[in-house]
Amino acid sequence: MKKRTCYRLMIASLIGVIAATTMLFIQIHKFTKVVYAKSTESSLEEELYCDSLEMLAICVQAEAGDQLLTGRRMVADVILNRVDDPDWPDTIEGVITERNQFTSYWDGGMDKVQEPDELTIKAVQMELKQRSWPGLYYFTAGGYGKYGTPWKKVGDHYFCTK
């Protein structure tokens, strides 16, 4: 189940995997011992990347699983935008697990997600390929929060820019 979700999410970055595989093949022919070390390191990096994509999809499902595609994409963007911003942690896990940021992480909502549904997978894939809302950094349910500049209500969520 975990691998299937990961593979579906990795489609958005397939070109990078192909390039890495090609480089690995070239290295095999030149330096077998070096390749083994790099392959092991690469496998670990791929596994960590896969885990972070799965965590992203699970968080989006827990936070916005009852929303339409646009709302789910926007939640994914909030997380990815924070990863790219120096004011927040630089990993998906770091952003999601930051204290008091994503309710579903802290209240156990993410633990209840067995596997993200097809719409959530699609939303995450779309935003990994190209961000649609690069200025979104916050969202809340029930009204605009105290952080950021109120921007737009989509579904049950209120989104804010920095």
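Biologist: Okay. How many helices and strands does the chain have?
Modeller: There are seven helices and three strands. Along the sequence the pattern reads α-α-α-α-α-α-α-β-β-β.

Biologist: What is the mean pLDDT of the chain?
Modeller: The mean is 84, and 75% of the residues reach 70 or more. Over residues 14–37, though, the pLDDT is below 50. Beyond near neighbours in sequence, that stretch has eight contacts in the model. Where pLDDT is low, the predicted coordinates should not be read in detail.

Biologist: Noted. On to the sheet: what order do the strands have?
Modeller: The order is β1-β3-β2, in an open sheet of three strands with antiparallel pairing. β1 (136–141) and β2 are the edge strands, each pairing on one side only. From one strand to the next, the twist averages 30°.

Biologist: And what actually holds paired strands together?
Modeller: Strands of a sheet pair through backbone hydrogen bonds, either parallel or antiparallel.

Biologist: How many bridges join β2 to β3?
Modeller: Five, between β2 (residues 149–154) and β3 (residues 157–161), which run antiparallel. As one example of a partner, Lys153 is bridged to Tyr158 in β3.

Biologist: What about the hairpin, which residue takes a positive phi there?
Modeller: That's Gly155, with a phi near 60°. The hairpin of β2 and β3 has two residues between the strands.

Biologist: Which helix lies across the strands?
Modeller: α4 does, lying across β1, β2 and β3. Its direction is at about 130° to β1.

Biologist: Let's switch to single residues. Where is Glu63, and is it buried or exposed?
Modeller: Glu63 is in helix α3 (residues 32–64). Glu63 counts as buried because its relative accessibility is 13%, and the cut-off for buried is under 20%.

Biologist: Which residues is Glu63 in contact with?
Modeller: Leaving aside neighbours within four places in sequence, Glu63 contacts Val75, Phe102, Thr103, Ser104, Phe139 and His157. The Glu63 side chain also reaches the backbone nitrogen of Thr103 at 3.3 Å. As for Phe102, that residue is 39 residues from Glu63 along the chain, yet their C-alpha atoms are separated by 7.9 Å.

Biologist: How much of the contact total comes from residues 24 or more positions apart?
Modeller: They account for 59% of the contacts in the chain with a separation of 6 or more.

Biologist: Last topic, cysteines. How many disulfides are there?
Modeller: The count comes to zero, where a disulfide would need a pair of cysteine sulfur atoms within 2.5 Å.

Biologist: And Cys59 and Cys160, are they buried or exposed?
Modeller: Cys59 counts as buried because its relative accessibility is 0%. Cys160 is buried too, with a relative accessible area of 2%.

Biologist: What share of the chain counts as buried?
Modeller: Of its 162 residues, 40% do.

Note on methods: Residues are numbered from 1 along each chain as its sequence is written. This is a predicted model: local features need pLDDT of at least 70, side-chain atom pairs count only at pLDDT 80 or more; totals for chains, interfaces and linings use all residues. Side-chain values use heavy atoms; hydrogens and water are left out. Two strands pair if DSSP finds at least two bridges between them. Helices (H or I, at least four residues) and strands (E, at least two) are DSSP runs, numbered from the N terminus. Axes are lines fitted to C-alpha atoms, for helices over the stretch in contact, and angles run from 0 to 180 degrees between N-to-C directions. Contact means heavy atoms within 4.5 Å. pLDDT is the predictor's confidence in each residue, from 0 to 100. Buried means under 20% relative accessible area, exposed over 50%, partly exposed in between (1.4 Å probe, protein chains only). A polar contact is a pair of N or O atoms within 3.5 Å; within protein, one must be able to donate a hydrogen and the other to accept it, and residues adjacent in sequence count only if both atoms are side-chain atoms.
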